[in-house]
Amino acid sequence: MKKKTNLAPYLYIIPGLVMVLGLVYIPVIVNLVYSFFHLSSYSSSMKFVAFDNYRRLFTSDTFPIMIRNNLYYCIISLIVQVGFGTLLALLLESRLASERFKTICRNIYFIPSLISLTAVGLMFNFIYNPQLGMLNTLLKNIGLAGMQQTWLGDKKLAIFCIIAMSQWQFTGYITLLMVVAFQNVPHDYVEAAIIDGAGPVRRALSIILPLAKEQLLVCTIITVIGAFKLFTEVYSTTVGGPGNASQVLGLFLYQNAFLHDDMGMAAATGVLIFVITVTASIFQLKVSRSGEV
Amino acid sequence: MKKNLKKTLSIGLAAIMALSLAACGGSSPDAPAATGTGGGSGNETKAEAGGKDVKVIKLFHRFPDDPCNAFIEKKIAEYEASHPDIKFEVTSAQNQPYKEKIKVVVGSDECPDIFFSFCGEFSERFIREGLLMDLTPYLEADPEWKASLMETQMNEYTTADGMVYGIPFRLDAKEFFYNVDMFNELGLKAPETWDDFIKVLDAIQASGVVPIAEGNQDKWPGAHYLGALNEQCVPDDVRAKDYDPKTGEFTDPGYVQAFEYYQQLVPYMNMGVNGMTHDMARLGFTNGQNAILFAELVEITNIKQENPDMNWGMFKFPTIPGAKGNPDLVSGAPEGFAVSSKTAYPDECVEFLKWFLGAETGAQQAVEVGWFNASLGVDEGLTDPSLISAYEVIANAKKMDIWFDNALYSTVCDEYLTQISDITNGDVTPADAMAKIQKVAAEAQSLAQ
């Protein structure tokens, strides 16, 4: 007797598949195609230019600045958000403080990441304002007037001011994600380690962190991807300035698409961001040997 | 039983997903419109007014803040009341998002019938694609209307081949605003030449006040200085050739000279020019920390809000004796509305603009909003001396020169803004800056073809 093919599972897959295809894969492919053309959003004409968009992208004066800024953001975010955030999570899950205190801390750390990026950008515009801003006023009042800066207006400092703002906002988010992962570590293992005489540091390094490895990996990947998609933080503060000093790939893409009507160039930048983030993610998955315990 | 429940649940979930997908697809073309203030109600009107005889005109503008937005809404309601066959769908967005949204909708089928459009390159790129309606025949057919509009302003909405593509809604120009009390205390007069200007700045600085309030974080305020300096340092025909993306080279020595004059001003500006926005810098002026502000006439409304008691005056950009440009030009441009070439109701749109941007509405607008349109005589009802003097600046202008950042092709503009920002920080020399701009201008020649 021939077994009747069960169609039901496939039917269930269809909506999701259509969504992923329509909203992710097809746009990625179309974007790749567009990157070989010269076109704008309101014009019907499309001109094939082969690799000219890529040539212009890679030879642009801004290109090294953008890559440098995105890398700074990536590296600093990995150290502060993932590194320091995980450390905070370990402290919050340790037996050092009372439950109540830990809950309060968790909430305090997490709240900044709930605020809209644009609002944070505006707020930091005020904080960094050279004349009226909080930061310079604070420095003056504690007797460090010599350390006053123009912050977002300074070529060397602008990108770091933006990065600092993001660290303030998102460290608590990573902390929360890691806290959840640590809470999922079975208590039996930790208790067994305690009985064996392992101290808090040993427990963290040998039991808790390895068991939360997958979550740590997720946090690393979202941080790296976020670093290369960086946009709103820059757009709401310096818009790439002064000069081009704080230009990043995401903003460059946006400005080409909607300011310079150069959709082809924007598509080429999009492809570059895609390649960087996919490569970084694959690399991380390989290095961390995800799935193995 | 349990299995059945699971099945129903899965089908339900799948259905929800499919629906949400459909919703995503369906809503995207409307997305720009949905952000406007009047968007929601506009769509409903369309549904209700399903009858054949009601004409729906879509209008998209960039003045979502009051008092202007309220004024536009009021005027449109009046027009609808007197024209029962016409309904408006009004949407609006803030300046920056507006510039992006209009570019996306203008080429689509969702293009508004009437929309705000800056004059110059901003609109001309649409004209190159045939997206704006030629208003010249309507003006020719109604000589009275044509004669009622200020010629210097209409020139800005006319292409080199004589096509009129927009009617001004508000007129604007850039002037130096100064603190009259501070000037009187120091015994200073509003300067007329560049050398006088520098002397005035020195005197103010010597008194312990930072002379100029300037915030260039958004990069365009610096461009307005350079635009005004280029007017004076570079002959008109050379600028006209260079500002056209197809022939732009920027090799005239006057451009470097303009940068050098700008450099002279930087030491007189407040600290951290690139680190604060223009609005913040204006607060420095209105709070009395600085004596001079290079600002637009439309900002008079803001200055009055920020410090109603301030005693301020205006002077024209100082002339540079011996420079090769045109010292009579006034930096500034009207901002107005254009009609889509795809509109189904061209006559109705023009008829509305005639009234909306006409003398009667304009006079009310001048009093209620503090902005003037291009119809002659809109200043008649004015009592506020500062607005009267602002109107004089424009009415007396022999020729306007459109905002520098609106005049340039976008990539050239971007490079220029970047270089101005760097020069303000002292990171590049004028010659190096111009070399970079020349490179981008050469590249733009091929992009703009």
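How far apart do the C-alpha centres of domain 1 and domain 2 of chain B lie? The answer is 30 Å. Before I go on, please keep in mind that this is a predicted model.

Okay, so let's stay with chain B for a bit. The domain assignment gives us domain 1, which is 34–172 + 333–394, and domain 2, which is 174–331 + 409–447. Where they touch, domain 1 of chain B puts in 10 residues and domain 2 of chain B puts in nine residues. On the domain 1 side, helix α19 of chain B, residues 385–395, gives the most, with five residues. And if you sort that side of domain 1 by type, you get four nonpolar, three polar and three charged residues.

Next up, the inside. In the largest nonpolar core there are 120 residues, and the ones touching the most other members are B:Phe337, B:Leu353 and B:Val412. Which helix hands over the largest share of this core? That's α22(B), with seven residues. The core also draws on both domains of chain B, at least three residues from each of domain 1 and domain 2.

Let me zoom in on B:Leu353. If you skip its neighbours within four places in sequence, B:Leu353 is in contact with B:Ile114, B:Ile167 and B:Phe337. There's a second, separate core too, with 39 residues, and A:Cys161, A:Val234, A:Phe258 and A:Leu272 are among them. As a general point, nonpolar side chains in soluble globular proteins tend to be buried together.

Now back to that helix. α22 of chain B runs over residues 430–447, so to speak 18 residues, and spans 26 Å from its first C-alpha to its last, close to the 26 Å expected at 1.5 Å a residue. Its buried residues are B:Ala433, B:Met434, B:Ile437, B:Val440, B:Ala441, B:Ala444 and B:Leu447. What covers them includes α14 (253–265) and α21 (410–425) of chain B.

Last stop, where the two chains meet. Here 29 residues of chain A are in contact with 34 residues of chain B. On the chain A side, helix α1 of chain A, residues 8–34, makes up the largest share, with five residues. By type, that side of chain A splits into 14 nonpolar, 12 polar and three charged residues.

How values were computed. Residues numbered from 1 in each chain as written. Chains lettered and ligands numbered in written order. Predicted model: local features only at pLDDT ≥ 70, side-chain atom pairs only at ≥ 80, totals over all residues. Helix = DSSP H or I, 4+ residues; strand = E, 2+ residues; numbered from the N terminus. Expected span 1.5 Å × (residues − 1). Buried ≥ 20, exposed ≤ 12 C-beta atoms within 10 Å, placed from the backbone. Contact = placed C-beta atoms within 7 Å. Core = buried A, V, L, I, M, F, W, Y, C linked by C-beta atoms within 7 Å. Domains from an automatic or database assignment. Nonpolar A, V, L, I, M, F, W, Y, C, P; charged D, E, K, R; others polar.
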